[in-house]
Amino acid sequence: MNKKIFFTFIIVLFFSISIYNIAASNIEKANKLKFENLFTQETNLIQREVDINIEILESLGALFNSQDNVTREQFNKFVFHPVTEHKSIHALSWVPRVSNGLREEYEFKTKKELGFDFMIKEKSPEGKMVNVKIKDEYFPVDYIFPLLKNKKAIGFDLSSSKTRLKTLN
C-alpha cells in the first residue's frame, strides 16, 4: 500500500508542477503582452505629441512667412492657445536673423517696442549675460510667449552657443 500512495503522490506532484509551470508561463506571456501594449500606447501618445508640436512650429513659421510684419500682439494671440493648452510646450518664440549692419537699428526698435532695456546678448564664461561680441549676424530671441516667465531669454543670441548654432545652420 505504501508503494501505491507513494506512486500516487509522485504522479500528483508531477502534474502539480506541470500545471504550475504552464500557469506561470501563461502569466508571464500575458504580462509581457500587457507591457508591450502599454509600451505601444505610450509610444503612440509621445509620437502624437511630437507631431502636434511640429505642426504648431510649422504653423508659426507659416505665420511669419505669410506677412512682412507680424506684430507682438499678433504673435501673442497666435501662440496663446498652443502654449496654454499643451503641457509639452512651455514657451514659443521667434528668432530673427539680424545682420551686424542692422543690429543697432534692430536693438533700438525692439527696445522701443518692449518698453524696457534691450540688447543682443550672450553668456559670458562666468555665466552672466553680456553684450554679444561683434560678428556678421545674430539670432536673438525676440518674440516670446509667455514673456514674463522668459524675460531673461529676450535678446539672447542663439548663435552664441555652438550647439544652437549647429541647429540654426
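**View 1. Salt bridge between Lys 109 and Glu 113 in a predicted model.** The side chains of Lys 109 and Glu 113 meet in a salt bridge at 3.2 Å, N to O (a salt bridge is a side-chain nitrogen of Lys or Arg within 4 Å of a carboxyl oxygen of Asp or Glu). The model is predicted, with local features needing pLDDT of at least 70 and side-chain atom pairs counting only at pLDDT 80 or more, while totals for chains, interfaces and linings use all residues. Residues are numbered from 1 along each chain as its sequence is written, and side-chain values use heavy atoms, leaving out hydrogens and water. Lys 109 and Glu 113 are four residues apart in helix H3, so about one helical turn separates them (helices, H or I, of at least four residues and strands, E, of at least two are DSSP runs numbered from the N terminus). Lys 109 is partly exposed at 40% relative accessible area, as is Glu 113 at 37% (buried is under 20%, exposed over 50%, partly exposed in between, with a 1.4 Å probe and protein chains only). Salt bridges that share partners join Arg 72, Lys 109, Glu 113 and Asp 142 into one network.

**View 2. Salt bridge between Glu 107 and Arg 103.** The closest N and O atoms of this pair are 3.3 Å apart. Both residues lie in helix H3, four residues apart. Glu 107 is buried, with a relative accessible area of 16%, and Arg 103 is buried at 9%.

**View 3. Salt bridge between Glu 73 and Lys 77.** Here the closest N and O atoms are 3.3 Å apart. The two residues are four apart in helix H2 (residues 72–85), and therefore about one helical turn separates them. Glu 73 is exposed at 52% relative accessibility, and Lys 77 is exposed at 62%. The structure holds nine salt bridges.

View 4. Lys 121 belongs to strand S3 (residues 121–123). Lys 121 is buried without a salt bridge, and the nearest side chain of opposite charge, Asp 117, is 8.7 Å away (Lys and Arg count as positive, Asp and Glu as negative; His and the chain ends are not counted). Beyond four places in sequence, its contacts include Met 129, Lys 151, Phe 156 and Asp 157 (contact means heavy atoms within 4.5 Å).

**View 5. Nonpolar cores.** The largest core has 13 residues, of which Tyr 106, Phe 118, Ile 120, Val 141, Ile 154 and Leu 158 touch the most other members (a nonpolar core is a set of buried Ala, Val, Leu, Ile, Met, Phe, Trp, Tyr and Cys residues joined through side-chain atoms within 4.5 Å).
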